[in-house]
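Subject: Structure for you to look at

Dear colleague,

I am handing over the structure below, and my notes on what was found in it follow directly after. Please read them with the structure open.

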Amino acid sequence: MTAIDEPDTRDLAFFDASRSADVVNARMGADISPRFREIMTILVEHLHAAVKEARLTSEEWMAGIEFLTRTGQMCSDWRQEFILLSDVLGVSMLVDALNHDRPAGSTENTVLGPFYVPGAPHFENGTNICLDGKGEPLIVRGRVTDNDGKPVAGATLDVWSTNDDGFYDVQQRDLQPENNLRGVFTTDHDGRYWFRTVKPRFYPIPDDGTVGKMLAALGRHPNRAAHLHFIVAAPGFDTVVTHIFTPDCRYLGEDAVFGVKTSLIADFQHVDDLAQAEAAGVANPFWTVEWNFVLASKDEVERKRAEKTS
Ligand code: BEZ
Ligand code: FE
């Protein structure tokens with residue numbers, strides 16, 4: 001036998017269904033990033049285990065590949081169907097939870113979502129960010145403090161929400177004023193902020209693509225529980241990406257992207273009082289919500305991370 005005819009006797013050289021993941025993982029080069037090796041090893045192990053457990057047919061695997069292909073084809077500068085997929089499978093919330101373990105009492109994170117637009121205008125406290133005049137007026141006010149209850153002055157609150165028809169301004173560029181229901185507010189010396197907007201309502205995540213079809217096939221609806229988005233940031237503190245939810249939304253317990261946490265459900269009060277409405281510069285009746293954000297310092301978060309890994 002010439003060298004070229006000799007069988008390869010290396011262990012794991014040839015495909016073997018019973019050890020398929022090991023065969024694939026054994027091909028990795030010696031000089032690759034250790035973290036990449038770790039992630040890919042785990043991914044291949046779980047992927048092969050899933051195929052085996054489900055006893056996947058060739059037709060089913062092809063259908064999966066076609067689904068992923070169409071998902072990629074949906075993506076553009078304005079549409080990220082893979083993030084939606086991650087959201088509806090609960091992976092976005094899981095990754096966030098694993099990476100934002102803050103001290104008890106700190107405001108919790110939830111999904112960012114695809115409709116955040118950096119660079120929204122900065123406004124004085126009290127500004128009305130509803131530019132299309134639709135919806136029930138809402139006054140949002142509260143404080144930003146640290147974990148000892150001390151006010152955080154100069155914290156920024158980047159706020160955004162849908163209009164009363166359930167669409168973000170960027171989804172309806174021809175119909176809504178630019179920056180409708182968006183703005184950045186800054187806390188005063190006592191950590192206080194306040195602004196005027198409209199009461200949020202539930203709305204469907206974009207469901208005209210592969211993710212919408214998958215949800216329908218799973219017997220799931222695409223609706224997000226009514227919420228306002230916030231990014232709260234201040235120097236020396238861990239930035240919070242979060243929402244507040246209305247307590248009366250019918251989708252609170254079945255949010256399409258698993259974004260609801262009980263600590264983020266706020267108490268929205270209905271007010272019918274002409275004098276109060278006039279004083280606040282809103283139409284009567286209106287809603288109010290008082291919401292305090294508690295920021296964890298970067299040091300606290302670092303300490304927590306170090307405790308977990310030691
Ligand atoms: C949102 O709340 O804007 C959102 C979050 C996840 C997917 C789609 C929309
Ligand atoms: Fe949203």
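On a 1 Å grid over the protein atoms alone, a cavity is a set of points where a 1.4 Å probe fits but cannot get out, and a molecule sits in a cavity if more than half of its atoms lie within 2 Å of its grid points. In this predicted model, ligand 1 sits in the largest cavity. Two elements, helix H4 (81–88) and strand E7 (227–233), each give two or more residues to the shell around ligand 1; helices (H or I, at least four residues) and strands (E, at least two) are DSSP runs, numbered from the N terminus.

Residues are numbered from 1 along each chain as its sequence is written, and ligands are numbered from 1 in the order in which they are written. Local features need pLDDT of at least 70, side-chain atom pairs count only at pLDDT 80 or more, totals for chains, interfaces and linings use all residues, and side-chain values use heavy atoms, with hydrogens and water left out.

The residues around ligand 1 (a heavy atom within 4 Å) include Leu 84, Asp 87, Phe 115 and His 229. Polar side-chain atoms of Tyr 203 and Arg 224 each lie 2.7 Å from an oxygen atom of ligand 1, while for His 227 the distance to a ligand oxygen is 3.1 Å; a polar contact is a pair of N or O atoms within 3.5 Å. Taken alone, ligand 1 exposes 260 Å², of which the protein buries 100% (Shrake-Rupley method, 1.4 Å probe).

Best wishes

Definitions and conventions. A polar contact is a pair of N or O atoms within 3.5 Å; within protein, one must be able to donate a hydrogen and the other to accept it, and residues adjacent in sequence count only if both atoms are side-chain atoms. On a 1 Å grid over the protein atoms alone, a cavity is a set of points where a 1.4 Å probe fits but cannot get out, and a pocket is an open set with protein on both sides within 12 Å along at least five of seven lines; lining residues have an atom within 4 Å of a point.
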